[in-house]
Amino acid sequence: MGLTLSWLSIIILIPLAGLFLRTLELSPEQFWAILSSRRTLNALRVSFGLAFAAACVNLVMGSIIVWALVRYRFPGRRLFDAIVDVPFALPTAVAGVALTSLFAEKGWLGAPLAALGIKVAFTPLGIFIAMIFIGIPFVVRTVQPVLQDLDPEIEEAAGSLGASRWQTIIRVILPSLGPALLTGLALAFARAVGEYGSVIFIAGNLPNVSEIAPLLIVIRLSEFRYADATAIAVIMLVVSFVIIFAVNRLQRWAQNRIPVH
Amino acid sequence: MTMQIADSVSLSTPDAKARRHAVAAGENLRTEPRAVRIAIISVAVLFLTVFVVLPLVVVFAQAFSRGIMAYVAALSEPEALAAIRLTLLVAAISVGLNLVFGLVAAWAIAKFEFKGKTFLISLIDLPFSVSPVISGLVFVLLFGAQGYFGGWLRDHDIQILFAVPGIALATTFVTFPFVARALIPLMQEQGTQEEEAAISLGASGLQTFFRVTLPNIKWGVLYGVLLCNARAMGEFGAVSVVSGHIRGETNTMPLLVEILYNEYQFVAAFAIASLLAMLALITLIAKTILERHLDEGHDSRDH
Amino acid sequence: MTIEVKNLVKKFGTFAALDGVDLKVDNGELVALLGPSGSGKTTLLRIIAGLDWPDSGEVSFNGEDALAQGARERNVGFVFQHYALFRHMTVFENVAFGLRVQPRAVRKDESSIRARVKELLDLVQLDWLADRYPSQLSGGQRQRIALARALAIEPRILLLDEPFGALDAKVRKELRKWLRSLHHEINVTSIFVTHDQEEALEVANRVVVMDKGKIEQIGSPNDVYERPATAFVHGFIGESIELPVQVADGVVRLGDRPLRLAAEGVASGASKLFVRRHDMLVGAPGSGAFEGAVRHVRNFGPVQRAEVALFDGETIEIDAPRDKELSVGERVGLDPRRYRIFTA
């Protein structure tokens, strides 16, 4: 037991403690100055804003995918079920170059989109696309088991009480999936905020426009502006902490309300 | 299914027959009208195809765009071979470390009750939700020239950053949760009864672990190792920050993909990328097979 | 509301869950569908509710074709075996659900809904649980809430699938009495499914005994116990001694030995002799139809249960009054006070 805690602290806590110690070396004014600089604010806005938008898209599309995979039988269902995990398993750099090539002006999808006047690669839209790509398994894999285990009788009960199919879905099924949907949303969001590899290739990385926060950290590091890098990292880390904490609380709450059989 | 049932209903008048047919066909309380079903399936399949299948196909299409010779040539470059070697080495180190750590952590969490358990679980999950760039950054802050241990390391002539130890450390940190995460639910579900039985039959602690606990969780261990390995080989952000990008020395495969891509050597970049994509695909296939094993274990306990 | 089921057939693959079932339930009855698992009783209940559809046959409510309506329009209250309460809703919202999903045109206003739910919670004596979630209730409480929820829509028919199946023995007994008195109070035509004969006999006005997709007997609890129509019913309800016998020209033989039992009108051939355990009278050796030696004796309250090895090699269990204690090794004569012979 003592061993567990001590190596955990070595592996995880000491590095993180180092990060926070660094921040403490900054005066509040310095810290604030770094964070409130236009470039930092814009990078955080790009990362958080687009990550949230992408997570919302994933919530909707993920729900549709889960529904199709769990409730319907169609040719290739098992294959598509397995494919959902590709963004998990594919190294982010590979995803990055692949998405860029796909959505570049001469790419398979980029060319037709360009003909419509839509430019994806090297714009914030590209970042959004990459974030959707990496977030999709989080929603699907959190919601799928819950929908699978949903007691078929509750739908029959709702029907026999006179509820239409739509009412059953809105009033009974969706609320039952609620905690899982929120967890999936939070996980997809957390992943997209911190994502680096699959985004930087397609992003264009134009400061204040399409520069994500993790890239700004890397740039500050290469300029040896460690204080700047650290301050941005701390803010992102705190947000991650809050998200994990919220997700764990959410799961606990869901478990208490819904006993496991 | 519904259609069949409706068709075989025996009825008195054709009028009533038509009516019953309509009711029964639309009346499965647990599904939607056919048009809705088709629409949902189409949206799901189209979305996965555009966002997941196409990027995967592009990798291979680009890698072989100049023919198989160019592909092979790109992979036989000394730089490429060095990157492959380094990637394998780093993956071996971090998988090995995390296997030990993960087993102990899962054991402690699943089989004992103690204060701060929730905190510990959150801590294990942390590397999943921390940006990989930040994971790299913390090691720069610790071991870099201006880092807390930087001076001491320089005095003793130990190189961590921009060298293999730094890459291995960052990779270990990033892949930390995989083994523990795979094992905690499995071990929790199995409870402590079998271990208690073994100990009551006179087995020592280690005997119990190797003869009872480990065989019960072997598929879970393999599962964790598999995912851990995939992520270790593919890690980009964290490694990018600590590696220093020294060609032929501290470039892993993902880093080489970036460099080659930025140098417009697309065939070479995608050739390396195709190896990593292959790794991902093999991992997924193995994962599917393992999940089946894990499910079977689950079922046999249920009955 | 009367329910009439005619020649219902339902197959799952090659397995016939219902194989030509006819049943008529009168207004206000409380009917038990009793049978072992796989007998088709739950399938019958689900078809009446509109949750399943028959391959052929007819179901009518008050003479109207019920199969022309979906489950939503049938206005049938269904209580599921595992209750199927909505776990994300409070007890109050669970009961209110059926009222809230009604079409806007007929939906009650909020205060009427509240009053109705309150009334139902009072009826099941659980008004103090209104704000709890289902996971915070005991099994018996969940059962009663599920019933209140089904009653909220003022169903024409109430159907209950193994209503006490998931409860422990003590709660089960309490709820049986409660269900019977509740039915008396609300007087809705009700059918419940059970595999527990005691439950069926104690609660229902009429018992429908099913086996392998067919109805074996329909009758009052007294009928099915005292006058079982088939060998299956005799064996399934009450504890019976079952012996393989041969009947030829009114003579009953166990093995080679003719038994001193009347068998007029019983068809010749291989048959089964059924005797209730407590109908086997113990006498001196040579005094009855059977001879045997006591192997084992245990006391069960007012009776002693003895294991007797008959000389033909069969071993039977009998329940004898305790006025004359039996001892192990004792030789006895056994004579059935009442018995039934069914052609095998």
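In β13(C), C:P258 is the bridge partner of C:R253. The model is predicted; local features need pLDDT of at least 70, side-chain atom pairs count only at pLDDT 80 or more, and totals for chains, interfaces and linings use all residues. Residues are numbered from 1 along each chain as its sequence is written, while chains are lettered from A and ligands numbered from 1 in the order in which they are written.

Strand β13 (residues 257-259) of chain C is joined to β12(C) by three bridges, and the two run antiparallel. Strands here are DSSP runs (E, at least two residues), as are helices (H or I, at least four), and both are numbered from the N terminus. Two strands count as paired if DSSP finds at least two bridges between them. β12(C) and β13(C) form a hairpin with two residues between them. In that turn, C:G255 has a positive phi of about 65 degrees. β12(C) is also joined to strand β11 (residues 240-248) of chain C, again by three bridges and antiparallel. C:V252 in β12(C) is the bridge partner of C:V247. This hairpin, too, has two residues between its strands, and C:D249 in the turn has a positive phi of about 50 degrees.

In a regular strand the side chains alternate between the two faces of the sheet. A residue is buried if 20 or more other C-beta atoms, placed from the backbone, lie within 10 Å of its own, exposed if 12 or fewer, and partly exposed in between.

Another sheet of chain C is open, with four strands in the order β2-β1-β4-β5 and antiparallel pairing. Its edge strands, β2 (15-25) and β5 (64-65), each pair on one side only. Strand β4 (residues 56-61) pairs with β5(C) over two bridges in the antiparallel sense. C:S60 stands opposite C:D65 in β5(C).

Chain C is divided into domain 1 (3-233) and domain 2 (240-343). Such bounds come from an automatic or database domain assignment. The centres of the two domains, taken over C-alpha atoms, are separated by 40 Å. An unreviewed UniProt entry annotates residues 3-237 of chain C as "domain: ABC transporter". The span is 37% helix and 26% strand, and its end C-alpha atoms lie 25 Å apart.

C:P134 lies in the loop between α4 (110-123) and α5 (139-152) of chain C. C:P134 is buried, because 23 other C-beta atoms lie within 10 Å. Not counting residues up to four places away in sequence, C:P134 touches C:L85, C:R87, C:N94 and C:R142. Contact requires C-beta atoms, placed from the backbone, within 7 Å. C:P134 and C:N94 are 40 residues apart in sequence, yet 8.9 Å apart in space, C-alpha to C-alpha.

The largest nonpolar core has 171 residues. A nonpolar core is a set of buried Ala, Val, Leu, Ile, Met, Phe, Trp, Tyr and Cys residues joined through C-beta atoms within 7 Å. Residues with the most contacts inside the largest core include A:V94, A:M131 and B:V257. Domain 1 (2-53) and domain 2 (64-302) of chain B both give residues to this core, so the core lies between them. Leaving aside neighbours within four places in sequence, B:V257 is in contact with A:A93, A:V94, A:V97, B:A269, B:I272 and B:A273. Apart from this core lies another, of 108 residues, among them C:L121, C:A146, C:F192 and C:A320.

Between chains A and B, 69 residues of chain A are in contact with 67 residues of chain B.

Definitions and conventions:
UniProt positions are given in the numbering used here, feature names are shortened, and annotations may be inferred rather than shown by experiment. Two residues are in contact if their C-beta atoms, placed from the backbone, lie within 7 Å.
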